[in-house]
Amino acid sequence: MERLSDNYYVERVLVGETDSFAPLLERYSKQVFSLIVKIVGSREDAEELAQDVFVKAFGSLSSFRGDSSFSTWIYRIAYNIAISATRKKTREFVPVDEDMLSNVPDDPDETIFGESDADMRIVYLNRALEQLLPEERAMIMLFYKDNKSMEDIALITGLTETNIKTKIFRIRKKLFVLIRSMERI
């Protein structure tokens with residue numbers, strides 16, 4: 001079966017063939033859900049928010065200009081909806097101050113786990129990721145897990161590439177501090 005482009009389906013929907021939105025929904029629902037669950041941390045909330053994303057995308061389809069790919073456009077909607085949802089909930093985050101970050105090596109990935117065994121590395125990393133702010137966790141996951149480029153992350157978040165590079169660098173240092181503190185316990 002021939003795989004038609006996202007833009008083809010967008011054009012079909014815009015001329016009134018609303019059923020043409022179904023292939024886009026099918027194509028991106030897992031990715032959108034995955035991004036949202038990484039940000040909000042709850043599968044149930046992510047399911048509801050993913051539905052909101054596609055409702056908003058369908059209603060805003062006429063604003064899709066094609067400056068970026070459809071996937072980036074829908075990721076941005078998902079990111080914004082998920083971040084908005086997390087701001088409505090109060091969570092406790094571990095503060096990491098500038099003094100703690102200044103003692104971190106420039107490439108914390110090289111030294112982050114020290115002598116920890118592989119299983120504990122995963123446990124520590126997951127715990128540390130849970131302690132990040134939702135925006136920080138989303139950026140790290142987009143970059144490392146979803147292999148999104150700095151340019152794509154900038155388009156998704158609305159930040160500049162330089163800002164994304166700086167934030168990811170600082171988040172990596174923050175993860176280093178959080179994991180080191182767990183290793184000492």
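Start by selecting Trp73: its relative accessible area is 14%, so this residue is buried. The model in the viewer is a predicted one.

**Around Trp73**

Together with Phe70 and Trp73 they make up one aromatic cluster.

**Aromatic pairs**

How many aromatic pairs does a search of the whole structure find? The count is 8. The rings of Tyr8 and Tyr9 form one to select now: their centres are 5.4 Å apart and their planes stand at 75 degrees, so this pair is edge-to-face. Phe70 and Trp73, already on screen, form a tilted pair, with 5.5 Å from centre to centre and 40 degrees between the planes. A pair of aromatic rings is described by the distance of the centres and the angle of the planes.

Is Tyr9 buried or exposed? Its relative accessible area is 11%, and because buried means under 20%, Tyr9 is buried. Tyr8, at 35% relative accessibility, counts as partly exposed.

**A charge over a ring**

Select Tyr75 and Lys148. The charged end of Lys148 sits over the ring of Tyr75, at 4.4 Å from the ring's centre.

**Thr157 and its surroundings**

Move on to helix α9, residues 150-157, and pick out Thr157. With 11% relative accessibility, Thr157 is counted as buried. Which residues is Thr157 in contact with, leaving aside its neighbours within four places in sequence? They are Arg76, Tyr79, Met139 and Ile164. Then show the backbone of Leu159: the side chain of Thr157 reaches the backbone nitrogen of Leu159 at 3.3 Å.

**Confidence along the chain**

To finish, colour the chain by pLDDT. The average over the chain is 85, and 83% of the residues score at least 70. Which element of the chain has the lowest mean pLDDT, and which the highest? Helix α6 (residues 108-111) has the lowest, at 50, while helix α3 (residues 43-59) has the highest, at 95. Where pLDDT is low, the predicted coordinates should not be read in detail.

Definitions and conventions
Residues are numbered from 1 along each chain as its sequence is written. This is a predicted model: local features need pLDDT of at least 70, side-chain atom pairs count only at pLDDT 80 or more; totals for chains, interfaces and linings use all residues. Side-chain values use heavy atoms; hydrogens and water are left out. Helices (H or I, at least four residues) and strands (E, at least two) are DSSP runs, numbered from the N terminus. Buried means under 20% relative accessible area, exposed over 50%, partly exposed in between (1.4 Å probe, protein chains only). A polar contact is a pair of N or O atoms within 3.5 Å; within protein, one must be able to donate a hydrogen and the other to accept it, and residues adjacent in sequence count only if both atoms are side-chain atoms. Contact means heavy atoms within 4.5 Å. Rings of Phe, Tyr and Trp (its six-membered ring) pair if their centres lie within 6.5 Å; planes under 30 degrees apart count as stacked, over 60 as edge-to-face and the rest as tilted. A charge sits over a ring if NZ of Lys or CZ of Arg is within 6 Å of the ring centre and within 35 degrees of the ring normal. pLDDT is the predictor's confidence in each residue, from 0 to 100.
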